[in-house]
Amino acid sequence: MRFYSPEYLLGLRKLCDEFNVLLILDEIATGFGRTGKLFAYEHANITPDILCLGKALTGGYISLAATLCTDKVAQGISQSPAGVFMHGPTFMGNPLACAAACASLDIINRNEWRSQVAAIEQQMHLELRDAITIASVKDVRVLGAVGVLEMTAPVNTALLQQQFVDLGVWVRPFANLIYIMPPYIITPAQLSQLTGAMKQVATKIALTDDMAEQQTTASFISHG
């Protein structure tokens, strides 16, 4: 959940070109509009040599991944007697998954996602920015339809998941992050329920940490 600056990606592209190294970008989580651009690398106006895609390719309904590459890379990996990339895994070309991907891409091609993601980003900026005042929150980051609370310490994932369920939402914390990547069709009220739950849980963590610190201090004084 670190947001790389466009300048960083641009510099990376230049270094790869200078030393003849392939630039491989993983956009499995960020592809298909998640960051406000169709693909995140477009923020830097660059093109990767190899691009890994998945997740939103099917709208999350069924697993499917794709690896895209430039013509130069394609020619390199196709230099076999067959003249093509002879790659045929057992489950290649899953018809159901491909049908789901085609349907998802048809929706993406309507371009409604642009205004949807922009609205989600604006609302998360407004509703999450004051979370920085919560003692347990180290940083607040929003980009496109990604909202992140970076906590000051790793969280108890199992405990927090139950707290989120009790608040009527499903959020999966990871390490020291509480983050959401809501669907583009989410309503403002539903999004507010998510951001509100994030701040409630973060506040509860801060209160719990404060109580633990007070108990530790009191124990130290009593044994002084």
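## Exercises on a predicted model

**Exercise 1. Which span should helix 3 have at 1.5 Å a residue, and how far apart are its end C-alpha atoms?**

Solution. Helix 3 covers residues 95-108, which is 14 residues. At 1.5 Å a residue, the span should be 20 Å. The expected span is 1.5 Å times one less than the number of residues. The end C-alpha atoms are 20 Å apart, so expectation and model agree. Helices here are DSSP runs of H or I with at least four residues; strands are runs of E with at least two; both are numbered from the N terminus.

The model is predicted: local features need pLDDT of at least 70, side-chain atom pairs count only at pLDDT 80 or more, and totals for chains, interfaces and linings use all residues. Residues are numbered from 1 along each chain as its sequence is written, and side-chain values use heavy atoms, with hydrogens and water left out.

**Exercise 2. Which residues of helix 3 are buried, and which helix do they pack against?**

Solution. Start with accessibility: buried means under 20% relative accessible area, exposed over 50%, partly exposed in between (1.4 Å probe, protein chains only). Ala97, Ala101, Ser104 and Ile108 are the buried residues of helix 3. Seen down the helix axis, they fall within an arc of 65 degrees, so they line one face. The arc is taken over directions from the helix axis to the C-beta atoms. These buried residues pack against helix 4 (112-128). Now turn to the face away from the buried side: it carries the exposed Pro95, Leu96 and Asp106.

**Exercise 3. Which residues of helix 1 are buried, and which are exposed on the other side?**

Solution. First check the length. Helix 1 (residues 6-18) has 13 residues and should span 18 Å at 1.5 Å a residue; its end C-alpha atoms are 18 Å apart, which agrees. Its buried residues are Leu9, Arg13 and Cys16. Down the axis of helix 1 they fall within an arc of 65 degrees, so they line one face. On the other side, Glu7, Lys14 and Glu18 are exposed. Just after the helix, Asn20 takes a positive phi of about 55 degrees.

**Exercise 4. Where do Asn45 and Lys55 lie, and are they buried or exposed?**

Solution. Asn45 sits in the loop between strand 1 (24-26) and strand 2 (50-53). Its phi is positive, about 55 degrees, although Asn45 is not a glycine. At 72% relative accessibility, Asn45 is exposed. Lys55 is in the loop between strand 2 and strand 3 (66-69). Phi of Lys55 is also positive, near 50 degrees. With a relative accessible area of 55%, Lys55 is exposed.

**Exercise 5. Which residues have the most contacts inside the largest nonpolar core?**

Solution. A nonpolar core is a set of buried Ala, Val, Leu, Ile, Met, Phe, Trp, Tyr and Cys residues joined through side-chain atoms within 4.5 Å. The largest has 44 residues; Leu149, Met151, Phe164 and Ile178 have the most contacts inside it. Helix 6 (residues 188-222) supplies the largest share of this core, eight residues. Next, take Ile178. Contact means heavy atoms within 4.5 Å. Leaving aside neighbours within four places in sequence, Ile178 contacts residues including Leu149, Met151, Phe164, Met198 and Ile205.

**Exercise 6. Over which residues is the pLDDT below 50?**

Solution. pLDDT is the predictor's confidence in each residue, from 0 to 100. The protein chain averages 91, and 91% of the residues score at least 70. Over residues 214-218 the pLDDT is below 50, and this stretch has zero contacts in the model beyond near neighbours in sequence. Where pLDDT is low, the predicted coordinates should not be read in detail.
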